[in-house]
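Hi,

Here is the structure I promised to pass on. Have it open next to this email and click along as you read.

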Amino acid sequence: MSTLKCDYDRVVNINQSSLERSFQVLHHIFIKVSLGIFCWNWRKLGSSHTSKSFIRYRKKRGSKYVNFLNWSNTSYRAIKVDHFLSTRRPLHGRSVKCKCQQADSASSIASEKENGAWFVDNDQSFDTVHGNTPIVLQFETVREVKVGEKEGFQSNGSLPPNGSVQDDLNRIAGNSIEDEAWELLRESMVYYCGSPIGTIAAKDPNSSAANVLNYDHVFIRDFIPSGIAFLLKGEYDIVRNFILHTLQLQSWEKTMDCHSPGQGLMPASFKVRTVPLDGDDSATEEVLDPDFGEAAIGRVAPVDSGLWWIILLRAYGKSSGDLSVQERIDVQTGIKMILRLCLADGFDMFPTLLVTDGSCMIDRRMGIHGHPLEIQALFHSALLCAREMLTPEDGSADLIRALNNRLVALSFHIREYYWIDMKKLNEIYRYKTEEYSYDAVNKFNIYPDQISPWLVEWMPSKGGYLIGNLQPAHMDFRFFSLGNLWSIVCSLTTDDQSHAILDLIEAKWTDLVADMPFKICYPALEGQEWQIITGCDPKNTPWSYHNGGAWPTLLWQLAVASIKMNRPEIAAKAVEVAEKRIARDKWPEYYDTKKARFIGKQARLFQTWSIAGYLVAKLLLANPSAANILVTQEDSELLNAFSCAISSNPRRKKRGPKSSQKTYIV
């Protein structure tokens with residue numbers, strides 16, 4: 001009996017040892033695979049970004065290892081729920097009472113969804129106030145990855161054949177950056193009465209409360225790339241809410257107070273504030289507090305806000321197919337008020353829009369007062385979009401007529417007088433000055449000595465661009481990126497000019513893109529010129545901020561322009577450059593130095609429009625036809641009118657009888 005017992009114990013010990021060794025081998029394989037992925041991520045993306053992307057990669061692939069080691073699916077889903085709840089909280093609490101949502105109904109619905117009913121399909125969304133409703137917040141369903149699926153590893157745990165590991169890992173790295181960007185974009189969302197209404201400018205955790213300034217506001221110009229990203233993703237509610245709520249903030253009453261906004265002006269930004277209800281200190285409500293520039297640095301009213309609003313309104317209709325928003329009476333009235341504000345008679349005789357410094361993306365003193373290109377491109381784009389959306393009625397006939405006249409004059413003026421290439425530069429170099437006549441060649445009395453030495457060396461033999469500004473005796477020869485890119489998008493430039501701008505970008509890639517796309521302007525103001533023009537602005541020092549800094553948000557405008565001209569490889573190359581650093585650097589607002597090697601000295605991190613600009617560029621490159629929601633083309637009527645303007649040589653134009661039709665100097 002003792003002999004049998006000893007044999008039994010020996011057999012049991014052998015089986016236990018075999019099981020332990022088998023488990024150790026399996027565990028060893030798992031550790032090696034995990035470390036291999038970790039090391040690859042570390043080398044590829046850098047240490048600061050790798051930790052997040054590695055964790056995200058493990059979470060996505062985790063179910064495969066769960067099946068491999070017989071872990072509990074329930075435990076894995078519990079981990080994902082905790083992660084979801086910790087990262088998807090709205091910026092503003094939804095339990096706050098407001099006029100358009102009862103607090104008791106919100107709490108009752110929230111309680112129903114409290115016990116784990118947070119998982120929705122890709123084509124659904126979840127709202128903590130209204131329950132499961134389509135297209136508000138969109139999150140992916142947690143799904144198990146089957147062992148037999150063709151992903152990074154085969155079902156037996158070995159690496160895939162034919163050397164496809166590097167391709168898969170490259171794809172995973174790119175997807176991890178996009179996943180992080182989407183997560184950050186959704187974390188920046190602002191809610192009003194339980195509904196998403198916009199995204200804040202930046203959510204930098206390192207900024208103190210005293211240093212936030214207005215970066216916790218929803219800016220109209222900053223939300224445009226965020227809105228486009230949501231439209232391309234099929235999430236329309238946030239864009240619709242933004243359009244309608246900002247319309248309510250538009251200045252509707254014409255005032256004589258010089259400190260009040262003019263009729264039709266759109267705010268630069270707004271903030272959702274919680275305030276006590278009148279007569280009841282225990283209850284609160286949410287209100288929208290707009291800023292028309294009276295609180296901004298420099299106190300400049302935004303000219304571009306209303307123009308961007310019209311562009312986004314058209315993009316929403318073309319993307320969603322919901323034209324009922326733009327056909328609403330209040331929306332039609334808002335469009336007309338913006339147009340009347342821009343088309344109002346004044347002392348200026350040019351078809352371009354006269355504005356002051358700081359009225360657009362460059363919102364500080366940078367010498368762009370007068371007729372800056374950025375505003376003219378947005379103006380032209382907004383006119384075309386409004387022309388497409390305005391409903392025909394008796395009251396709008398005169399407005400549409402003025403709109404068409406301005407479009408023709410504006411197109412001719414920009415294409416003829418703002419364009420610069422080697423041929424035009426030679427012409428300016430030989431200009432005669434002090435010409436008085438209707439057939440003068442040098443219409444704006446430009447002195448040839450204005451041609452800077454940098455331009456003579458910088459201008460490529462192939463390519464050209466639109467100058468930054470034009471006024472009597474003044475041509476601003478700086479290259480402004482947004483104005484040139486959007487001129488392509490809205491067909492302000494001809495096809496030949498559009499291709500020439502892209503040719504110049506390719507020829508001057510090291511200057512305009514360098515280590516991070518894209519230079520907001522080139523070159524920077526330096527020395528005494530910087531002192532005089534910027535007023536010694538300590539933030540706009542040479543090659544920083546608006547003065548030659550690099551802004552990643554410009555990626556999406558580069559993508560639209562490149563796709564329109566059927567040259568998407570330009571944008572794809574710029575996105576590839578950005579992906580090397582932008583996530584690792586925590587999505588900065590801008591970059592400094594001539595080659596964009598440093599993060600901006602006062603740049604906010606996790607800047608929303610840097611995140612959204614990258615996402616829009618990626619989405620458009622993946623689906624180029626989607627760029628049509630932003631592109632505008634001239635119709636045959638305007639093309640014919642423009643041809644007539646070209647055929648009548650303006651240099652030989654004589655004074656004729658006074659016409660009843662409004663005219664512009666072209």
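Let's begin at F518, which is found in the loop between α17 (509–512) and β9 (521–522). Those labels are DSSP runs, numbered from the N terminus: helices are H or I with at least four residues, and strands are E with at least two. F518 is joined to P517 by a cis peptide bond, with omega at about 10 degrees. A cis bond also links Y522 and P523, where omega is about -5 degrees. P523 is found in the loop between β9 and α18 (527–534).

Before you go further, note that this is a predicted model: local features need pLDDT of at least 70, side-chain atom pairs count only at pLDDT 80 or more, and totals for chains, interfaces and linings use all residues. Residues are numbered from 1 along each chain as its sequence is written, and side-chain values use heavy atoms, with hydrogens and water left out.

N445 has 21% relative accessibility, so it counts as partly exposed (buried is under 20% relative accessible area, exposed is over 50%, and partly exposed is in between, using a 1.4 Å probe and protein chains only). S491 has a positive phi too, about 60 degrees, and is not a glycine either. You'll find S491 in the loop between α15 and α16. With a relative accessible area of 5%, S491 is buried.

**Aromatic rings**

A pair of aromatic rings is described by the distance of the centres and the angle of the planes. Here rings of Phe, Tyr and Trp (its six-membered ring) pair if their centres lie within 6.5 Å; planes under 30 degrees apart count as stacked, over 60 as edge-to-face and the rest as tilted. By this rule there are 21 aromatic pairs. One of them is W308 with W486: the ring centres are 5.2 Å apart and the planes stand at 65 degrees, so the pair is edge-to-face. W308 belongs to helix α8 (residues 304–320) and W486 to helix α15 (residues 481–489), so this pair ties together parts that are 178 residues apart in sequence. W308 and W486 are both buried.

Now try Y465 and F479. Their ring centres are 5.5 Å apart with planes at 70 degrees, so this pair is edge-to-face. Y465 sits in strand β7 (residues 464–471) and F479 in strand β8 (residues 474–480), so the parts they tie together are 14 residues apart in sequence. Y465 and F479 are both buried. They belong to one aromatic cluster along with W454, W458, Y522 and W543.

Two rings have a charge over them (NZ of Lys or CZ of Arg within 6 Å of the ring centre and within 35 degrees of the ring normal). K573 lies over the face of W509, 4.6 Å from the ring centre. R604 has its charged end over the ring of Y215, at 4.2 Å from the centre.

**Helices**

How far apart are the end C-alpha atoms of helix α11 (residues 373–389)? They are 24 Å apart, which agrees with the 24 Å its 17 residues should span (1.5 Å times one less than the number of residues). As 15 of those 17 residues are buried, α11 is largely enclosed by the rest of the structure.

The axes of helix α10 (residues 329–343) and α11 come within 11 Å and cross at roughly 140 degrees (axes are lines fitted to C-alpha atoms, for helices over the stretch in contact, and angles run from 0 to 180 degrees between N-to-C directions). α10 and α11 are therefore oblique to each other (under 35 degrees is roughly parallel, over 145 roughly antiparallel, 65 to 115 roughly perpendicular, and the rest oblique). The crossing of α10 and α11 is left-handed, meaning the near helix is turned anticlockwise from the far one by less than a right angle; clockwise would be right-handed.

**Two buried spots**

V489, in helix α15, is buried at 0% relative accessibility. V489 and V631 are 142 residues apart in sequence and 5.2 Å apart in space, C-alpha to C-alpha. E235 lies in the loop between α6 (220–233) and α7 (237–249), and its relative accessible area of 0% makes it buried.

Cheers
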